[in-house]
Amino acid sequence: MIVYSMLIYGLINSAILALMALGFNLAFGISGVANFAYGAIYIVGGFITWTLISTLNIPYAISAISAIIIMGVFGALIYKFIIKRIRGLVMSEVIATFGISIVLLELLRYVGLIGFKYSLPVFIEGSVEILGAFVDIQRLLIIGLMVLIIIALYLFTHYTKTGLAFRGIAQEEHTSLSLGINPDRIASLSMGIGSALGTFAAIVILPLGTITVDSGYDVLISALSVCIVGGLGSTFGVIIASFIIGYAQTITAMYLAPHWTMLVSLLAILIILAVKPSGLLGHQKELEERV
Amino acid sequence: MLNVDKLMVFYENAIAINELSIEVNRGEIVGIIGSNSAGKTTLMNTISGLLLDTKLKEQRKGGERITIFGRISFLERDITDLWADERVKMGIVLSRERHPVFVESDVEENLKIASYLLSRPVMREKIEYIYKIFPALVPLRKRKAGFLSGGEQQMLAIGMSLMANPTLMLLDEPLLGLSPAIQVKLIESIVAIRKEAGVTILICEQFARPVLPVIDRGYVLENGMLTLHGTGEELYNNPEIKAAYFGV
């Protein structure tokens, strides 16, 4: 019995990690900018949704969609006004985005984002029994939505003009520029879409718990570790890595103790950097995988 | 149609292009002949606007200082400070040196990426047209561009530039690293492109022998300075050119 529930909860945990990491990975794969404000965007996106629902009484679906749009625009603006000026200077990019992250998260802490009332409602109430384990429908939805997002990303990058331009910029910036594709426009779009994906992940995942400031930092670490293990910029690598880390966390929680789980992702970074610094699929740089 | 007026480009204090004035008229094939480090690529990057992007990036890094003097005008408009993608919209399209293709995408996808500025139906038409000019690419449609030979990559690179709808096409050393047989084939297709698509072509090369017979006019560049200027035939029969480039 316990093996079945381990399998199912591991799968759910993996899907959560993949959803968290995809937005970070997309922005990095296309623009080369490691967006350390990603965790903050995740939490702020969730908080905006909560505010729209609870204080303005706007229906859930509309609140969620407007939060995704707001954070998408916000991500693009971060690129346009801040990162564009320091693009290519990796250390400055990290410092700037991490600065934004601290400002946003600590501002939320300052205005009082603490307590159980800050939680998003689940999409569908109830749970089902699978192989003897009871699973919330919300958790099953997460798996479905992860698959959906991956398919949507694939279609976007292979069949739309903007998506194809994304792949061009990811491979060779100057060649793309000489064909009329403006790298700054594409990079700011990729940051916007990355942030929108992060917010989407927040809206899907946050109903499982409460919105807390500190989970913003945790999300960043989770996304980073999945991306580093999978090979930065590789979508296929991200999926594989989220399964490895996801199952490792679930097994640790079940057989060791839940408070060891945070160590798993950090340990994974340590091991992968010692054994294969470019990540599991980092060396291939296949574009299907980098999306 | 293109006027470069007293162009000077410096990398730090080293001069790459020195008071260079050239002119390209509509419908011509103009050649820039020069050996390594003559300033050909710098000239191409300056005309296409890529150098402005490099300059900005170096500035941010606090790296190499690039300075540009002089004026470039295209279709009676001053484009000296215009950004590269705006110049592409005006019709100046550069095919960079060393077969610039997207190595991780397949051939067809490369052409699709290059069609960024076109609408979908026009894109399909154009892709068919490029397969007509370069039939060798048809069986390779689904192959990753990184696995193509140098000649095939160069055909694809020229095809990609054509997708961007150029009125003036800049070719930076298209013959680099290709076998003589493929060089001849490529030159033939370049002439065909001028004739069929009505594209004006500025080509820079160090292999003068295959290029000189097909160009209308040519400039010879040495250390960033203009040393000779004449029709293709004049240059072909010039004893100095013969000695320097044909090894006669």
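Reader: Is Phe236(A) partly exposed or buried, and why?
Author: This is a predicted model, and in it Phe236(A) counts as partly exposed because 18 C-beta neighbours lie inside 10 Å. A residue needs 20 or more such neighbours to be called buried, and 12 or fewer to be called exposed.

Reader: Which helix does Phe236(A) lie in?
Author: Phe236(A) belongs to helix α10 of chain A, which covers residues 235-255.

Reader: And what separates the C-alpha atoms of Phe236(A) and Leu281(A)?
Author: A distance of 7.8 Å separates those two C-alpha atoms, while Phe236(A) and Leu281(A) are 45 residues apart along the chain.

Reader: Let us step back to the whole of chain A. How many helices and strands does it have?
Author: Chain A has twelve helices and two strands. Read from the N terminus, the order of its elements is α-α-α-α-β-β-α-α-α-α-α-α-α-α.

Reader: What is the radius of gyration of chain A, and what would a compact globule have?
Author: The radius of gyration of chain A is 19 Å, which agrees with the value near 19 Å for a compact globule of 291 residues. Its C-alpha trace spans about 60 × 50 × 35 Å along the principal axes.

Reader: How much of chain A is buried?
Author: Buried residues account for 51% of the 291 residues in chain A. As for contacts between residues at least 6 apart in sequence, 77% of those in chain A join residues at least 24 apart.

Reader: What about helix α9 of chain A: how many residues does it have, and how far does it reach?
Author: Helix α9 of chain A runs over residues 214-230, which is 17 residues. From its first C-alpha to its last it reaches 25 Å, close to the 24 Å expected at 1.5 Å a residue. The helix is mostly covered, with 13 of its 17 residues buried.

Reader: Which residue follows α9(A)?
Author: Gly231(A) follows, and its phi is positive, near 105°.

Reader: On to chain B, then. How many helices and strands are there?
Author: Chain B contains ten helices and ten strands. Its radius of gyration is 18 Å, close to the 18 Å that the globule rule gives for 248 residues, so chain B is as compact as a globular protein of that length. The box filled by its C-alpha atoms is roughly 50 × 45 × 35 Å along the principal axes, and 45% of its 248 residues are buried.

Reader: What confidence values come with the model?
Author: For chain B the mean pLDDT is 87, and 100% of its residues reach 70 or more. The model scores ipTM 0.84 and pTM 0.85.

Reader: Which residues of α7(B) are buried?
Author: In α7(B), the buried residues are Gln183(B), Leu186(B), Ile187(B), Ile190(B) and Ile193(B). They lie on the same side of the helix, because they cover an arc of only 115° around its axis. On the other side of α7(B) there are exposed residues, including Val184(B), Glu188(B) and Lys195(B).

Reader: What do the buried residues of α7(B) pack against?
Author: They pack against α5 (120-133), α6 (150-163), β8 (200-205) and α8 (208-211) of chain B. Just after α7(B) comes Gly198(B), with a positive phi of about 65°.

Reader: What is the phi of Lys6(B), and where is the residue found?
Author: Lys6(B) has a positive phi of about 45° although it is not a glycine, and it is found in strand β1 (residues 2-11) of chain B. Lys6(B) counts as exposed because it has 11 C-beta neighbours inside 10 Å.

Reader: And Glu12(B): where does it lie?
Author: Glu12(B) lies in the loop between β1 and β2 (14-24) of chain B. Its phi is positive, about 50°, although Glu12(B) is not a glycine.

Definitions and conventions
Residues numbered from 1 in each chain as written. Chains lettered and ligands numbered in written order. Predicted model: local features only at pLDDT ≥ 70, side-chain atom pairs only at ≥ 80, totals over all residues. Helix = DSSP H or I, 4+ residues; strand = E, 2+ residues; numbered from the N terminus. Rg over C-alpha atoms; globule rule 2.2 N^0.38 Å. pLDDT = per-residue confidence, 0-100. Arc of directions from axis to C-beta. Contact = placed C-beta atoms within 7 Å. Expected span 1.5 Å × (residues − 1).
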